[in-house]
Amino acid sequence: MKKVAIVGAGIVGATTAYYLSKEADVEVTVYDHGLGQATKAAAGIISPWFSKRRNKAWYKMARLGADFYVDLLNDLQESGQEVDFYQRWGVFLLKKDESKLEELYQLALQRKVESPLIGELAILDQATASNLFPGLEGFERLLYASGGARVDGQLLVTHLLEASQVKVIKDRVTIIPVSSGYQIGNQIFDQVVLATGAWLGDILEPLGYEVDVRPQKGQLRDYQVPQDMGAYPVVMPEGEWDLIPFPDGKLSLGATHENDMGFDLAVDENLLQQMAEAASSFYPILKDAMISGERVGIRAYTSDFSPFFGQVPNLSGVFVASGLGSSGLTTGPIIGYHLAQMLQGKSGVLDPADYPTERYIKQKQT
Ligand SMILES: Cc1cc2nc3c(=O)[nH]c(=O)nc-3n(C[C@H](O)[C@H](O)[C@H](O)COP(=O)(O)OP(=O)(O)OC[C@H]3O[C@@H](n4cnc5c(N)ncnc54)[C@H](O)[C@@H]3O)c2cc1C
């Protein structure tokens, strides 16, 4: 029986645990500290097709990551789990300069050829848009794509870990290379997966590595509204804030992108209030809506904003994924699936050479 440790139970670690737990000859243990986890603070928008980023490897991962949810939903259903964490009710894209909507529409039409999941595309006037999202105003036209989805990251992780039936230990851990593998606490493992998000440096630097992963603070506000917004699309205007409606009257507003706050987890009411005021001019109901909570999470970023996954250079049996940035709920499951494949010596649709670990993890010069 092969013993595998997964450090980190965000979306990457939990998906890796789920797919590894399907293998008969593998025993998986998950360690997770949980504080500041990006996955449970995330807004949850799955809509990569409108990005203007030129990074082709990233876009391939993001579009296939959105598609991968279809497989994940089937797999989790077969494992007896509910798929209440995912809804596909479309996305609204707003532009300050509405003449740019046509350009975005054409880009989306081209991308639909390889990503039919994008669904129906249309430029809607305000009256038509309000049928789908009553009360939304402050624009004349917007772009609608029916395939946009939203995910409750925390709920997804709960289902993945439940279906895996793996042991989860709530602890912050370090790894020590020993002759027979890697030691965590008093256990020895044959293989280790570092799914530690923004905290990758903490675990690899003591082992002599320099890690190009930096923290970005993200804050989000949750509201409880009287109406069930379960079938409303996600709203993505230009700028910081997005509106993410969920079933049962939950509505999220977020998120901030703060590069200079390190691992700070304090709620900044001023920033959240500024976001709420900007959003209220498009959705005035927010002004009187009940605030039900605020969330803070730390995203992991690399210097070129690219995610990476694969083997840690010169540390045989240790695998890693990090740098998922603002789109990690989109790319996390497909990365977790690939890590589980790699540990079994198998491959998937993504080529790890396009997301090389050695670009971001280097041995310190002595
Ligand atoms: C506010 C916000 C909004 C976002 N919105 C979206 C969105 O709309 N769409 C989208 O696609 N993405 C979004 N993201 C990005 C996405 O949430 C992240 O990229 C993704 O969740 C990262 O997953 P991860 O598993 O790599 O890391 P994380 O979810 O951060 O998990 C890492 C885990 O490892 C644990 N850990 C670290 N070191 C140790 C250790 N030594 N011992 C034990 N445990 C350890 C941490 O405690 C943590 O629980 C958002 C992020 C934030 C913060």
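## Aromatic pairs and ligand shell

Tyr 232 has a relative accessibility of 12% and therefore counts as buried, the cut-off being under 20%. The model is predicted. Phe 133 is also classed as buried, because its relative accessibility is 0%.

Across the whole structure, 16 aromatic pairs are found. Phe 133 and Tyr 232 form one of them, an edge-to-face pair with 4.9 Å centre to centre and 65° between the planes. The two residues are 99 residues apart: Phe 133 sits in the loop between helix H5 (126-132) and strand E7 (141-145), and Tyr 232 in the loop between strand E15 (214-224) and strand E16 (234-236).

Trp 241 and Phe 282 make a tilted pair, at 5.4 Å centre to centre with 50° between the planes. Trp 241 lies in the loop between E16 and strand E17 (242-245), and Phe 282 in the loop between helix H8 (269-280) and E19, so this pair ties together parts 41 residues apart in sequence. Trp 241 counts as buried, at 6% relative accessibility. Ring pairs also join Tyr 18, Tyr 19, Phe 68 and Tyr 337 into a cluster.

The ligand is surrounded by 37 residues, the closest being Asp 32, Gly 34, Thr 39, Ile 45 and Gly 325. By type, the shell holds 17 nonpolar, 16 polar and 4 charged residues. Domain 1 (2-40 + 154-212 + 303-363) and domain 3 (214-301) each supply at least three residues to the shell. Polar atom distances to the ligand are as follows.

| Protein atom | Ligand atom | Distance |
|---|---|---|
| Val 12, backbone N or O | oxygen | 3.1 Å |
| His 33, backbone N or O | nitrogen | 3.0 Å |
| Thr 330, polar side-chain atom | oxygen | 2.8 Å |

Taken alone, the ligand exposes 1000 Å², of which the protein buries 97%.

Terms used: Residues numbered from 1 in each chain as written. Predicted model: local features only at pLDDT ≥ 70, side-chain atom pairs only at ≥ 80, totals over all residues. Heavy atoms only, no water. Near = heavy atom within 4 Å. Polar contact = N/O pair within 3.5 Å; in protein donor to acceptor, adjacent residues only side chain to side chain. Areas by Shrake-Rupley, 256 points an atom, 1.4 Å probe, with all protein chains shown as cover. Nonpolar A, V, L, I, M, F, W, Y, C, P; charged D, E, K, R; others polar. Domains from an automatic or database assignment. Phe/Tyr/Trp six-rings, centres within 6.5 Å; stacked < 30°, edge-to-face > 60°. Helix = DSSP H or I, 4+ residues; strand = E, 2+ residues; numbered from the N terminus. Buried < 20%, exposed > 50% of the residue type's maximum accessible area, 1.4 Å probe, protein only.
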